[in-house]
Amino acid sequence: MLFYILRDKDGGIYASPFPSLDKLCNGAEAYVYPGLPLQLLNIFRSNEQGLLSESQIIEKLAVSLRKNECLLTEKLRWLKLSVFSPHDEDCLRLARKEELLTKLLTIVQGRQVTENEFSSLAKVLEISVTELAILLHLAVIKGYGEWVPGLSRRNNSWRCERCGNEDCYQIWPSYYGNTATCLSCKSIGPLNSLQVIYRSHEETLKREKEKKAGSTTFTSSEQDWQFTPAQCSAAADLQLFARDPLAKEALVWAACGAGKTEITFPVIGQYLEHSQSVLYAAPRLDVVHDIQPRLQKFFNPCKVKVMSGLSPPDWTACPLTVATTHQVLKFSRAFDLIILDEMDAYPYAGNQVLEYGLKQALKRTGKTIYLSATPSASILAKVGRQECFLTRLPARFHGYPLPVPEFLKIKAPKISEGRIPGSRSLLAIGDYLRELLFEGQLFVFVPTVSLVNIWVQALSLLFKDKKITGSWSSDPDRKRKVASFTSGNSDVIVCTSILERGITVHKAQAVVLYADHALYDVRALVQMAGRVGRTAACPQGRVLFIAGKQTKEITAAIKWIEEQNELATQGGFLRGQ
Amino acid sequence: MANKFFLQAKSIAELLWYEERKTCLLCGKQASTSLCQDCRQLYFRPEQRRCLSCGKLIEGEADRCQDCRDGNGPKFLSKVTALGHYEGAWKQCIHNIKYKGQPYLLIGLAEYLTSWAVKQLPPPDSIVPVPLHPNRLAQRGFNQAEVLASVLAGCLGIKLKDILCRVKDTTPQSALGRQERLVNLRCAFSLKPGIQIKEEVIWLVDDVVTTAATIGECAAVLKESGAQEVFAFCLGAGRESPNNPDTASIL
Ligand SMILES: [Zn+2]
Ligand SMILES: [Zn+2]
Ligand SMILES: [Zn+2]
C-alpha cells in the first residue's frame, strides 16, 4: 500500500493512503505525489514539522529516497486535492456507511492487522480490499487506530513493528531500495517493510463490547471445580491477586504434573463475569488444542476461540481466546488478563519477542499470570523485588511427592568411532538401567543429538530383549517414535531434553546421562525428572542423574524438588497426612 | 537494486521459537531442507523433459511440445527451462512471492534454482530479468523476476543486467486469450539507452512462462541488439498432458 504526505491545519506532517478521504474529513488541500511505502515517509521529527516549507519537505524526502537507494524516477511534487482523484467516489460513499465502520471496528478492536490479512478480513465484511483499506483509514482519521510500517529502519538495522525483533530479518532489493522481511514472526504470515499494519488503539469500543457480551456472559456460581486442597489454595491466591488493583503479574510455580492449568479457571471466570477479555497462551500447538475443549466445557455458553497456525482466520470477537504464543503478535492492547502457560519453554532469544508481544497484547491496565514448573532466574528475581506475586502449587494432583533424583557418580564411557566400546562404566550404567527396567519403561536423556544414536546402539547391545528407540526434536520420524514409546511398543527411548515436555507415560522411569553437561541447567534437569510418576495409577518412580561429577546445577535441581515436597508436606497436601 | 543479497541471519531465525521446526515450504511437513523430497518430486519432476522452445513439462520422446512443433512457440530463444510445474502448492508459493510481498522466499530456494539452471543452460555472460512496467513496479514495490535474477546472479557470481524496460503498460497477460496476448505484447519492450550486449550469452529470467510470448518478445529485443544467444529460465510452467496436448494449459 502506498502512502502520500499531507499536512494538517497546524502544519503537522502525516501520511495517508487515501488523501481524498482526508480532504473529505479534514479538509486537506494538497499532497505529495507519487505515493511511497509508509516506512520511507516516517522521517519528519515532530519538533521540525511546522517549520518546514513545502519545498523543504520534498527536498528532505528526496534525500531520504536517495539514501535508501530507491529507484523512483518520477519527480516528487505537491498536487492539489481539488482535482478529481480516482478514489474520491469510493471515499465519499464509504464515509457515509456508519454501520459498516462500526462492524469493522468491533472486529479489529484489539488487533494488529497486516496488509496480507486484508483479503480475508474484506471477505468477512463482503467488501473489496480497497474498500477495506479506505474504511481502515477512516478509522485512523477518527482516532480508533494507526498505520505503522511492517518494519522500520533504525540507523543501520531494522525493527519489526509486529514482533519487535531487531536482529533477524532478510534483506532483499526492491524498487524502493533495500527492503526487509522479518524472519522471527514469519510463521504467522511474513511481513515486510513495504507493507503496513493497522494497529487499533486501546478501549475505543468499550461500551459497545459490554452490550454485546451481555448475551453470553458467564456466571461462575454453579461451578464445582473439583480441586485438590493444593489447587484450592493456589486458586484462592490467584483470585486475591486478580482483585488487587496494584498487582500486575503473578507467577504460579507448580510441580511438574500438578494440574496448574485448572487453577486459573476461577480467575478466568471472574474476568468473564465482568465482560473482560482473557487470553490463554501456550507455546505449543498440541497444548492449545488440548486446552480449548476443557475451557469450553467450563465456560459455556461463552465461546472459546482458538487461534493457532492450524486454525483458519477467525475474525469474530470473543471474550476468551486460546492461542499459541506466536499469535499474541496479532493483538494490540486487547486483553485484561493474559495467562501464559509453560512460560519457561523458550530459548532465550524467543523470550524477547514473546515479551514484546505480550506487552503489546495486554491492555495498559491488564494483568499477566505466568505458569511454570521451572521459573527462570529473571522472573524469580522479579518475585524477589516484589514486582511479581508468587503462588506455589507444590503437590501433584494424586497427592504423592515428586520423585527425588538420585545422583550416581559414574564417569561417562568413552566413545570411539561413533560407538561405545564395552567398559566398566558402561556396564555399571547398564546395571542401573536394568534395575529400572524391571519397574517399567525408561526415558534416557542425552544432551546432544549425535549421542542419541550412539546410545541407542550401545543399549541395544546391552539389552538384547528390549526394544530401544531414539529421537530428538527435529527428527522427522519423531511423532511415530514417540507414539511407539507412549503406547508401550518400545521399552526405552533415548532422547534429547527438548523432547521432554508434554509426554506422559504410565510406568516411566528416567535416567539423565551426562547430567553434568553444560547444556543442563537446573530447569532442564527438573523438567526431565518431572517425566516420572505423573499418573494416578503410577504416581511414583525413580530418577537417576548420572555424571562424572556433581555440578551445582545437579545439586540445585535436587534441592528444588525436595523443596517442593517440603512445601507440599507443610501445606498438608500429601496423601496420608 | 542489483546483486544486493545478504544471505544473513537465516539460521538464527529457526531457533527463535520453541514450536518452530524446519518444515517444507510447500507442504509444511517436517524436512531437513527447505523443500521436502516429496514436494520436489511432485512439482519439479527433475526426470521429466522440458519443451526446448517454451519450457513446458512434456512427456514422450519429442524435444518440443505439440504447440511449438506446430510453430506457435517463441522465437529467438535457444532453450527455455522451467524449474517446476506451475500448479498446486508451487503455484501458491509463486503467488505468495508475487502478490503477498514475499520475494524473500526465493532466497530459501536459491540452491534449487541455481542447480537446475546450471544443469540445463550453458554459462551466461549476464542475467537479464523480464521487466515490469513502472506503474506496476511502483504499486508492488518489487519485480519478482528481478529478485529471482539477483538470487541467481548472486549465487553464481554472474552479472545481473537490468537492461530491458517495459514501454507499454500492457493488460495483464493472464486476462487475455492466446492471440490477444501476442498482439498485446508487440513492441512492449525495449533496451535501455546506451547498453552494450554484443556477442553476449544471456539468461532471460521470469517467474512464470505462460504462452512464452513475453520472453519471446524480450529475446527478440536482445537478439536485435546483438546478443549472441538467449536462454530463458523460469520458476514455473505448464505441463503438456500426454493424451491431449491441446488442453495443456496452466490457466
Ligand atoms: Zn517480526
Ligand atoms: Zn513438502
Ligand atoms: Zn513448447
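Mentor: Domain bounds here come from an automatic or database domain assignment. For chain A, that assignment gives domain 1 (1-93), domain 2 (215-393) and domain 3 (406-570). This is a predicted model, in which local features need pLDDT of at least 70 and side-chain atom pairs count only at pLDDT 80 or more, while totals for chains, interfaces and linings use all residues. Residues are numbered from 1 along each chain as its sequence is written, chains are lettered from A and ligands numbered from 1 in the order in which they are written, and side-chain values use heavy atoms, with hydrogens and water left out.

Trainee: How many residues of domain 2 of chain A are in contact with domain 3 of chain A, and how much area do the two bury?

Mentor: The size of an interface is often given as the accessible area lost when the parts come together. Buried area is what two parts lose in this way (1.4 Å probe), summed over both, and contact means heavy atoms within 4.5 Å. Domain 2 and domain 3 of chain A bury about 1,100 Å² between them, with 51% of it on carbon and sulfur atoms. A:Cys256, A:Thr374 and A:Arg392 supply 43% of the area that domain 2 buries against domain 3, more than any other three residues. In contact terms, 15 residues of domain 2 meet eleven residues of domain 3.

Trainee: Which residue forms a salt bridge with A:Arg392?

Mentor: A salt bridge is a side-chain nitrogen of Lys or Arg within 4 Å of a carboxyl oxygen of Asp or Glu. A:Arg392 pairs in this way with A:Glu563, their closest N and O atoms being 3.3 Å apart.

Trainee: Which residues coordinate the zinc ion (ligand 3), and why is its arrangement tetrahedral?

Mentor: Donors are N, O and S atoms within 2.8 Å of the metal (3.2 Å for Na, K and Ca); water is not among the atoms, so sites may look incomplete. The SG atoms of B:Cys51, B:Cys54, B:Cys65 and B:Cys68 coordinate this ion at 2.2 to 2.3 Å. Four donors count as tetrahedral if all angles lie between 85 and 135 degrees; here the angles are 100 to 116 degrees, which makes the arrangement tetrahedral.

Trainee: What spacing do the donors of the zinc ion (ligand 1) show in sequence?

Mentor: The donor residues are A:Cys160, A:Cys163, A:Cys182 and A:Cys185, spaced C-x2-C-x18-C-x2-C. A:Cys160 lies in strand S9 (residues 157-160) and A:Cys182 in strand S11 (residues 177-182) of chain A, so the pair ties together parts that are 22 residues apart in sequence. Strands (E, at least two residues) are DSSP runs, numbered from the N terminus.

Key: Tetrahedral: all angles 85-135°; square planar, octahedral: opposite > 155°, others 65-115°. Helix = DSSP H or I, 4+ residues; strand = E, 2+ residues; numbered from the N terminus.
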